[in-house]
Amino acid sequence: MAPDFLVTHSGGFHADELLSSVILTRLFPAARLIRSRAPEWIAPGPDRIVYDVGGAYDPAAGIFDHHQRGAPLRDDGQPFSSFGLIWRRFGRDFLKDLGIPASDIDALHAGFDLDFVLPVDLMDNGALSPSAAGALSKLTLPVLLETLKPVFDDRAPDADDRAFHAALAIARSFVEATIGQAAAKLRAEAIVLGAIAAAGDGRVLELPMGMPFRPAIVKAGADHLLFVVHPRDTDWCLTGIRRSSDGFELRADLPAAWAGLTGEDLAAACGVAGATFCHNGRFIAAAKTREAALEMARIAVEAAVQADGALAAS
């Protein structure tokens with residue numbers, strides 16, 4: 001039975017109850033969001049969900065607080081915030097409501113929990129400091145969301161509530177966009193895995209469009225692949241494959257003689273009519289046609305294999 005009220009505390013806000021509100025207001029759009037610390041509101045009842053306030057955790061009774069003694073912990077002992085508790089209970093329903101295919105819900109639920117929810121939980125509980133992000137500490141999502149609080153001398157009675165609802169729209173955009181990107185990566189993975197099978201022992205992976213490809217290549221163990229070719233808006237791209245997700249080193253660079261060239265200069269250097277551009281960093285090139293892009297890829301593979309052979313022989 002859908003609740004009539006979604007109840008969290010009044011006053012200043014943090015990322016955890018704000019992000020919890022993103023989940024709950026989508027699932028229960030007809031419910032009224034109440035921000036209060038009044039005992040009659042923060043007590044559990046059959047007409048409400050209470051979160052980040054109330055001093056208890058009882059999903060069956062619809063109360064999800066984490067500030068009390070004996071608050072629930074994850075299986076590995078790490079603390080929940082209200083966001084983690086709400087995500088654990090309602091996350092799969094939220095993903096279903098977003099239109100995520102049933103086959104992807106468990107993977108997306110777990111991935112979003114690990115990459116997005118857990119850091120919020122840890123920061124809210126003081127188990128992780130924003131300073132862990134170094135120079136980017138003030139740009140972490142929990143910190144940015146809290147900058148949306150009213151300034152200290154805004155004494156308007158509704159200042160906190162106005163700021164909360166303005167921040168809620170922004171938080172919703174981040175949550176839904178993050179999940180949308182993760183869902184797209186799963187769709188891309190299926191396409192890339194199919195293309196890898198079609199490529200066989202070839203060194204070049206051809207895709208029907210630009211998409212995230214490295215995770216699927218790693219998952220498939222396709223260590224033999226060196227380059228990816230795919231159509232772009234009006235031309236075709238030839239792209240290198242990074243060796244690791246946290247670095248820029250490629251499995252193979254494009255030929256040094258191509259670096260920084262465009263148009264006729266590049267076409268002359270590589271011997272391929274229709275070659276149009278090669279980045280000076282030698283990680284991406286472009287051509288007018290599929291045939292030209294594939295020919296550039298063939299030449300780049302040949303050069304890379306020869307260079308590896310020369311290095312191994314030395």
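How do the residues of the lining of the largest pocket divide into nonpolar, polar and charged?

## The largest pocket

Let's start there: the lining splits into 12 nonpolar, 3 polar and 3 charged residues. Here Ala, Val, Leu, Ile, Met, Phe, Trp, Tyr, Cys and Pro count as nonpolar, Asp, Glu, Lys and Arg as charged, and the others, Gly among them, as polar. Bear in mind that this is a predicted model, where local features need pLDDT of at least 70, side-chain atom pairs count only at pLDDT 80 or more, and totals for chains, interfaces and linings use all residues. Residues are numbered from 1 along each chain as its sequence is written, and side-chain values use heavy atoms, with hydrogens and water left out.

The largest pocket has a volume of about 530 Å³. A pocket is an open set of points on a 1 Å grid over the protein atoms alone, where a 1.4 Å probe fits, with protein on both sides within 12 Å along at least five of seven lines; lining residues have an atom within 4 Å of a point. The volume is the space filled by probe spheres set on the points. Its lining has 18 residues, and Leu108, Asp115, Gln181, Ala182 and Lys185 lie nearest the centre. Helix H4 (102-124), helix H6 (159-199) and helix H7 (214-220) are the elements that give two or more residues to this lining, and H6 gives the most, with 8. Helices (H or I, at least four residues) and strands (E, at least two) are DSSP runs, numbered from the N terminus.

## Buried Asp121

H4 also holds Asp121. Is Asp121 buried or exposed? Asp121 counts as buried because its relative accessibility is 0% (buried is under 20% relative accessible area, exposed over 50%, partly exposed in between, with a 1.4 Å probe and protein chains only). Asp121 and Phe83 sit 38 residues apart in sequence, but 6.8 Å apart in space, C-alpha to C-alpha.

## A patch on the surface

Leu136, Leu139 and Leu144 make up a nonpolar surface patch, with about 280 Å² of accessible area together. Leu139 is in the loop between H4 and helix H5 (141-146), and it counts as exposed because its relative accessible area is 55%. Patch members need over 30% relative accessible area and no salt bridge, and nonpolar side chains are joined within 5 Å. A salt bridge means a side-chain nitrogen of Lys or Arg within 4 Å of a carboxyl oxygen of Asp or Glu. Accessible areas come from the Shrake-Rupley method with a 1.4 Å probe.

Technical notes:
Patch = residues over 30% accessible without salt bridge, like charges linked within 9 Å, V, L, I, M, F, W, Y side chains within 5 Å.
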